[in-house]
Amino acid sequence: MSEQLNFEVPTMAEMIAKGEEPEILFWVGCAGSYDERAQKTTRDICKILHHVGIKYAVLGTEESCTGDPAKRAGNEFLFQMQAMTNIEVLNAYNIKKIVTGCPHCFNTIRNEYPGLGGSYEVIHHTQLIQQLIDEGKLKAEGGESFKGKKITYHDPCYLGRGNGIYEAPRKALEVLDAQLVEMKRCKTNGLCCGAGGAQMFKEPEKGKKDINIERIEEALEIKPNIIAAGCPFCMTMMSDGVKLKDQDKNVQVLDIAEITVRANGL
């Protein structure tokens, strides 16, 4: 049974009907809408936005796929159709600032949409969390303690190497008083989880080892309690790897939004 939020998440249509405008639009994304595991992260991002009092909205049924999988798979025509549809909706609502729960949506809206007429300030949810911590609005108090826990962070390709965002997710973890340990391949030398480039939606080519297994073995070498993620695709690939390789079943794969919500008791 899915967890229910104890507050309403407004849509842009509802907000405009009241004559109001949000400070920020939360772009939920396909995974955040339909994947059960990623829905948890979606709810947690909403909890954070609600807790700090940011006026936000979602597009609801007016949101459709950014076109990232189509573009990465080589279907530029489909990508442009999907992108133009979204840009028309965003521009009609006069959207200025967007936060995403997915680095793929983040990268596409930030870097691909301007060339098609859609220019917005786009941030990833880990950047928002870091900003709220810096402003003192999130303090990692009143909730679950992560003191003494060993946490390693897996850099999503489209957040890290694609857009140079390495510090925001780590700063969100530094406030936990946990032991932050890096994998051998991290930051600019990070290793893909195996789902990028639309690989999420097909079986891998034959080879010696699946990429997610290679990555999870590297993570388990440092014996973490938690593998922190910032991407729904990475979450799926790392979780699948943990199920296969973590014999003791004591490693959790958690999104940074989930960790933040737990630490703040939201």
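Colleague: What makes strand β1 and strand β3 a pair, and in which sense do they run?

Modeller: Strands pair if DSSP finds at least two bridges between them; β1 (residues 24–27) and β3 (residues 97–100) share three bridges and are parallel, so they are called paired. Leu-25 faces Ile-98 of β3. The strands themselves are DSSP runs (E, at least two residues), and helices are runs of H or I with at least four residues, both numbered from the N terminus.

This is a predicted model, in which local features need pLDDT of at least 70 and side-chain atom pairs count only at pLDDT 80 or more, while totals for chains, interfaces and linings use all residues. Residues are numbered from 1 along each chain as its sequence is written, and side-chain values use heavy atoms, with hydrogens and water left out.

Colleague: How many bridges join β3 to β4?

Modeller: Four bridges join β3 to β4 (residues 121–124), in the parallel sense. Val-99 has Ile-123 of β4 as its bridge partner.

Colleague: Why are β6 and β8 called edge strands?

Modeller: The open sheet has the order β6-β5-β7-β8, with parallel pairing. Each of β6 (179–180) and β8 (252–255) pairs on one side only. Strand β7 (residues 226–229) is joined to β8 by four bridges, and Ile-226 is partnered there with Gln-252.

Colleague: Where do the two domains lie in the chain?

Modeller: Domain 1 covers 12–129 and domain 2 covers 139–264; such bounds come from an automatic or database domain assignment. Their centres, taken over C-alpha atoms, are 23 Å apart. Contact (heavy atoms within 4.5 Å) involves 26 residues from domain 1 and 26 residues from domain 2.

Colleague: What is the area buried between the domains?

Modeller: Buried area is the accessible area (1.4 Å probe) that two parts lose on being put together, summed over both. For domain 1 and domain 2 it is about 2100 Å², with 70% given by carbon and sulfur atoms. Of the area that domain 1 buries against domain 2, 26% is supplied by Arg-37, His-104 and Thr-126, more than any other three residues.

Colleague: Why is the contact of Glu-258 with Arg-37 called a salt bridge?

Modeller: The rule asks for a side-chain nitrogen of Lys or Arg within 4 Å of a carboxyl oxygen of Asp or Glu. The closest N and O atoms of Arg-37 and Glu-258 are 2.8 Å apart, so the pair qualifies. Across the interface of domain 1 and domain 2, the rule finds one salt bridge.

Colleague: Which helix gives the most to the side of domain 1 that touches domain 2?

Modeller: Helix α3 does, with eight residues.
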